Each structure stands twice: as structure tokens, then as C-alpha cells.
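Visitor: Hello! Could you walk me through this structure and tell me how its descriptions are reached?
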Amino acid sequence: MPGLIDTLPGARRVEAHRPWPRVVVGEEGWQFTARQLVDGQATLLGLWGEAGAVHMAILAAPTNEIAVVTCECPGGEFPSVSALHPPAMRLERAIASLYGLQPIGLPDTRPWLDHGCWDVTHPLGERGAGPSERMPYAFLLAEGDGLHQIPVGPVHAGIIEPGHFRFTANGETVVRLEQRLGYVHKGIESLMAGATLEKAAQLAGRTSGDSTVAYALAFAHAVEAALEVTVPPRAIYLRALMAELERLANHFGDIGAICNDASFSLMHAQCSILRERVLRAANSCFGHRLMMDRIVPGGVADGIFLHGSADIQMLLAEIRRIFPALIELYDNTASLQDRTVTTGIVQPSLVRQFGAGGYVGRASGRAFDARRAPGYAPYDQLTFDVPVFEGGDVNARVWVRIREVEQSLSLIDQIVDRLPDGPMRTGIDMAGAKGEGLGLVEAFRGDVLAWVRIDGGHIARCHLRDASWFQWPLLEAAIEGNIVADFPLCNKSFNCSYSGHDL
Amino acid sequence: MAVIVDVAIQGAQMLLVLLLSPLLTGFVRKIKARLVRRQGPPLLQPYRDLIRLMRKDVVLAQSASWLFRVVPYLVFATTWVALSLVPTFRTGLLFSWSADLIAIIALLGSARFFLALAGLDVGTSFGGIGSSREVMIASLAEPAMLMIVFMLALIAGSTQLSTMSAFMNSSEVGLRVSLGLGLIALIMVAIAENARIPVDNPATHLELTMVHEAMILEYSGRHLALIELSASLKLLLYVSLIACLFAPWGMGTTEAGPQALAIGALTYIGKLAVGGFLLAMFETAIAKMRVFRVPEFLGAALMLALLATLLRFVSRSF
């Protein structure tokens, strides 16, 4: 069966892009790819720019084959993908903000990450002077009798990340929600350019603190693919162990926080205890509660997991003792079920169109999990299920998390059982190293994509795409027709990353 | 001499409730924290918060009118006066002859009316949301409350709280179905009126779900302190009201000597502790309801009170 990229008109394959191919196409091939996305033949995985070119990562539907398609645009313009395929909209607006590349036919030309506060424009492309005064952001209109606007954020009443939400409501019913993000833009992609491997790995692990393991892993996968480095088996298993611990900690935190947003603090308190136990076990095994900087390109950091798995086994025993009672508490508290069931429904068609991963996708029937397909070691040797629910509401997103906790427990068991001995790390010789690599890793909230180009021993360009890029827009759809007071609950059930998105 | 004693006791009651109310709030918070295995803030934290707020400057929104500045004092005054009418440790208070239970409801109603106006006054969207939700809840809670008052008045033959309390303490009452229904209805109204879970969450940080807190979001400094104190007073008022009507044991009478008064005060504090503990238990065991479920909740309170009143007409013994 010919792959998708073989059918692309005018495609030229790029050497040294691993593990999946990259092809350079003209405008015709670019638009052909966009139409494949519209037809559902492929799912958009990422869309990013660099000086003079834009890249699009796609996942072909039947074969789960991944490819990167590049459109060179020396004139600073490229045909807009979102003109045909709306999920690419914010990605293209971000490219326009950062690189100054203009998507021709982009339906929404308002800047995305650039709020007009920087002293430059297009910081990663051809730089210009920043604007002398800030232009007001034109929020989309909703017209009708009795509609009123509620601006929320970017500074909130609780200690959470900043984002602006503009509600148009009719009384309590939300007619339209529009998000404005970009408040925590840290310039990670700009810092990456020219960074050493060590520095870049640290930066990747700081893109979104709650997913630091997943980001470091995605980045390491990309680098190892680019430089064809083989990772020792012990490191592969320890990486998976850390990734599952991170998933456990975050899922416990989320389940509790969702219940807390329905003012059910009992569940929050119990889940916080479990989360704390996981973090302490991580600290004692890996020397850092969030396991930051423990995964490095080539393997894992030295000096971790010296004391073996006793702490992990105690942790598993405790979770298995307490968690079933918590599931029962969640399921049997009628007042809580009344809040979560049928609240914030996301349609399966939207999830498929946006290629939303993680619990958002799996709660609406999209069974995508990067650990399963395309899959990466050691998950190909471990048994686990990918829980999928059809409801698409807050309740379904809670249940996906609950089932994933159970799967993670079983995975940790298997990993600890089979943990091989041997070296922890393969040395990487960066002198004159050259290559391009792509990594796709399942973080707790969905698939994280890392693309890296190494040239002359340094990182030439690195792009990290959080799962939230394809989940945030669905939140706007999920809240429509719900009441304003249910937004925090919906928002928490999505728990999208601000930091990972704003980069 | 009798007048001086009466004045002294009325003054003592007013001071007592003012001093006790933050403690009750702190107690409920502490119990709630302990129930979810947290250490919780110290019992005296609400006092410290009030002192801290009193010392702070007031930050006023540019769009705030004189109404916004006056409302905290009005709310505090009306709530305090309302509470001074509720017998706590002794019946037959000096003030209680000048106003009855209906007057208490009216006082609380006007406090809420002004607070809702103040929420709208600054013109922020949260103030508007809070006021509209608060008024929706009030419009359902007040009829239910009045229906409870009618039912109690029919049984006790008076709307005067000291008389009602004395009647409830007498052997004439016995177990009555209508009283049971009335108690449940009164608790439901009290929960709604005090912005407790499941109607509102006093501890939430989510601005979009707030009712009472959204309304007072623009207040700061001593204004906020007064509003917080009024909220504590209101909680104390409802617990005292329930105690005085449905658990009037131990309360001193007009003839009581110092010893009886001391017993009255001690049992009163005991009743507050039990009330606060039960409230904390209930709040921990339940999630907050959707805003549009509140009418059903308060509708149920109204129906219970109505049923209690009707039962009273069916037979004197109900």
C-alpha cells in the first residue's frame, strides 16, 4: 500500500530526517496535504515555521504513518492550511506572530502570541521594531437581545496560570466563549536556537512543568532519532517508569481538582494525599519530586534509582488500597454526579477533526494514544489498555483518568518486574553532529510532539507542540449552551496547559 | 433597677454575638479542614483577618458611587440589629418586645437588597452576576422563610420570638410533624441565606461560580471587614434562631438569676458548637449544585413549610 507521502504531488524527500520521513513540496503539494486533512485521511499533528519554510506533521489515518511536509516560502508567504482546515488556525496565527510568515487566505489575521507588548515584531523571523502603542484585541462578536459580555482573566481569583476568557452570555447561558492566550510566552523556541544539547534538554523540560518528564522524553526521542543514538534498555524502562509516575501524579491531582471545582473538597483532599505520595516516591527514587532533568538525550541522568523499587512497590500497595474507595465515593455521590454528567459535552466529530489527544479525545471516542500508535519502547513489550469513553462530558473525562490510573499502576508493576540491568546512558558526541528528528510521546494530557534540527553540534531549531493546541479550541465548543457557572468544571476537566501552549 | 438589668442583658447579648460570630465561622472552617485531614487555620483566624482588613486602606473603584461606600455600614447595622432581637441565652430581651420574627426577616432582606445594589453599583460583570444570582436565591428563600414563620406562629400563637421560644420550651408542644417539616425547611433556607454549600461555596476561588463572593468582589479594607463580619453575624443569627425555636432548652427567663443566666450562656455556646459541627459535616459530604438547581432546592423548602402549615389546619395535634 503506497503511503500518503508517495502520493504527494512534487514531493522531494529530505535525507537525514528520522524516524519518519520529511518531504519538501510546492504550494500544490501543500494544499493537497491540507485537503487530506479536511477529508479525514490524515490528522494534523503540528504546524510550525522557521525562517523561510513551514512544516506540517501529519498522521495518516489508516496506517498511523507519520510524515512531515515542508513548504518553502522564501517570499514569506505560504498557502493557509486553516482556510481549509480550521484546527490549524491558531498554529498559523502563532507562526505569523513569531516568524512573520504570512498564511495566504488565513481567515483570522489577528495576532496570537504577540500581544503587542514586545519591543520587536516577529522575534524569530525578520525582526521589526515593536509597535509604539498596544492595539486593542478585537474579540469576535455575538449579537442578539439580552447578550452581555463577561471578561475573565488573565489574572484569576485563584493561583492558576493566566489566560483571558471572554464570555458572551444570555443570562447564565454561554452563547460564545473566546479564549485569548499567550500571556506566559517565555520564548523557548528562541532560546533553543543555537543552544547546546544540555541546555536545550533543560529548556524542553521546562516548557510545561507538570509534563516535564514527557517533554524531556519527547525531546530526547527527537534528538536520538536525529543522531541515531541507541538508548540502553535500563534507561528505556526507567524513562517509562518516570512517565507513568508523572501520569499518576497528574491524574490524581486532576480528579481531585475537578471534584473541588464542584465544591466537593473531600475528594480533593484524598486525591491530594495520593498525589503527594507519588511525588515523594519520585523524590526518593529519582531525586526530584517532578523528576525534572532526569531524562537526558541518550538515556537517563546518572545517580538515580540507586535504592531499587521498594518505595515504588509501597506506593503501589497504598494506592491500590485507597483508590478503589475513592472511585466508589466519586460514583456514589449523587450531588457530584449531577454536576459532572452531561456537562460540557464535546462532539466526537470535533475531536476527530481537531485530532485532540489525551483524555479529551478518549472521552469522546478517539482512541489515539501515542504509546500504542505509533508506539515507542518499552510500551511495545508491555500490556495495557487504552480506555475510551463515548460520553464526551466532564464525567467521561474523569473516568478516562480513573481508568488510566489503573492502567498506569499495572504498567509500573510490569516495568519494575522487567527492569533490566546495564548502563544508564549512551554518550552523545555532538561535535559536528547533524540531523533532524521527530518525537511523539504521550504526556498525561495528550501527545507531545518534539521536532529538532541539529546542525554543527548545536540545536539549530526545535519545536515543541503541546497537546493543548488541539484541546483549547474544543473547550470553546464544549461550554457552548452550558451555564457560566459550569465553566470552571469544564475547564478543569480539560486542564489544558497555558505554559506549554504559550511556549 | 429592672430596666437597668434589662439594658445590661440586652447589651451583653449584643456584645456577645458580635464577639462570638467570628469564632463560629472559624470553628466551622476548622472542623471542615479537620474532616478532610487538613490542619486548618487557627480558630481565631477570622478575628485576625478582620483586624488586618480594618487596618488596610480602602481601594474604591472609580465608578463606585456613595451607595457603594455606605452599604457596608448599612448591612452591618441591620444584621446586628436583627441578631439583637433573637434570644440567645435569655428570653424576654428588652428589644425583643419592639420587633418580631417578621421584622428580623425584613431587616435581613433590606441588608441583602442594599448589598445587591452595591454589587451592581460598580458596574463590573462579576458584581452583576453575583447580584442577579443572589436576588434569584432571595426571591425564593424569603417566601419559604415567611411560610415557616406562619407555621410557627400558628403553633405558638405569636410571631414574637421570646413568646415562641417559651412556648416551644413548654410541655404543650410535644412531637409534631409540622415542626419537623418546618425545621428541615428552616435549615434549607438557612443554608441558602448564608451562602453555604450546596447553594454557594464561601471558600471558592472560582469567580464564575460565586454568588455572595462575586457581589462583594470589589470591596476592600474596612468595608470588606464589615461585610465579612456581617456574614459571620448572619450565620450566627440563623444558628441562634434554629436553636431558640427548636432547641430552647436551658435558656434563662426574665426571672432568672445569675446562675441560670450562666447556664443559659453555656448551653447556648454548646448549641452553637453542635450547629457548627453539623454544618461542617453536611458541607463536606455534598457537592455544590448547579445554579439552576437552587430554585428546586428552595422550592422544596417552600413546599415543606406549606405542607407543615396545611397539616396544622388538618389537625391541631400535627
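Visitor: How many Å apart do the C-alpha centres of domain 1 of chain A and domain 2 of chain A lie?

Guide: The C-alpha centres of the two domains lie 26 Å apart. This is a predicted model, where local features need pLDDT of at least 70, side-chain atom pairs count only at pLDDT 80 or more, and totals for chains, interfaces and linings use all residues. Residues are numbered from 1 along each chain as its sequence is written, while chains are lettered from A and ligands numbered from 1 in the order in which they are written.

Visitor: What makes 5-104 domain 1 of chain A, and 188-502 domain 2?

Guide: Those bounds come from an automatic or database domain assignment.

Visitor: Which residues count as the contact between these domains, and how many does each give?

Guide: Two residues are in contact if their C-beta atoms, placed from the backbone, lie within 7 Å. On that basis domain 1 of chain A gives 20 residues and domain 2 of chain A gives 23.

Visitor: Why is chain A called as compact as a globular protein of its length?

Guide: The radius of gyration, taken over C-alpha atoms, is set against the globule rule, 2.2 Å times the number of residues to the power 0.38. Chain A has 22 Å, close to the 23 Å that the rule gives for 503 residues, so chain A is as compact as a globular protein of that length.

Visitor: What percentage of chain A is called buried?

Guide: Buried residues make up 53% of the 503 residues in chain A; each has 20 or more other C-beta atoms within 10 Å of its own, with C-beta atoms placed from the backbone.

Visitor: And how many residues does each chain bring to the contact of chain B with chain A?

Guide: Chain B brings 22 residues and chain A brings 25.

Methods. A residue is buried if 20 or more other C-beta atoms lie within 10 Å of its own, exposed if 12 or fewer, and partly exposed in between; C-beta atoms are placed from the backbone.
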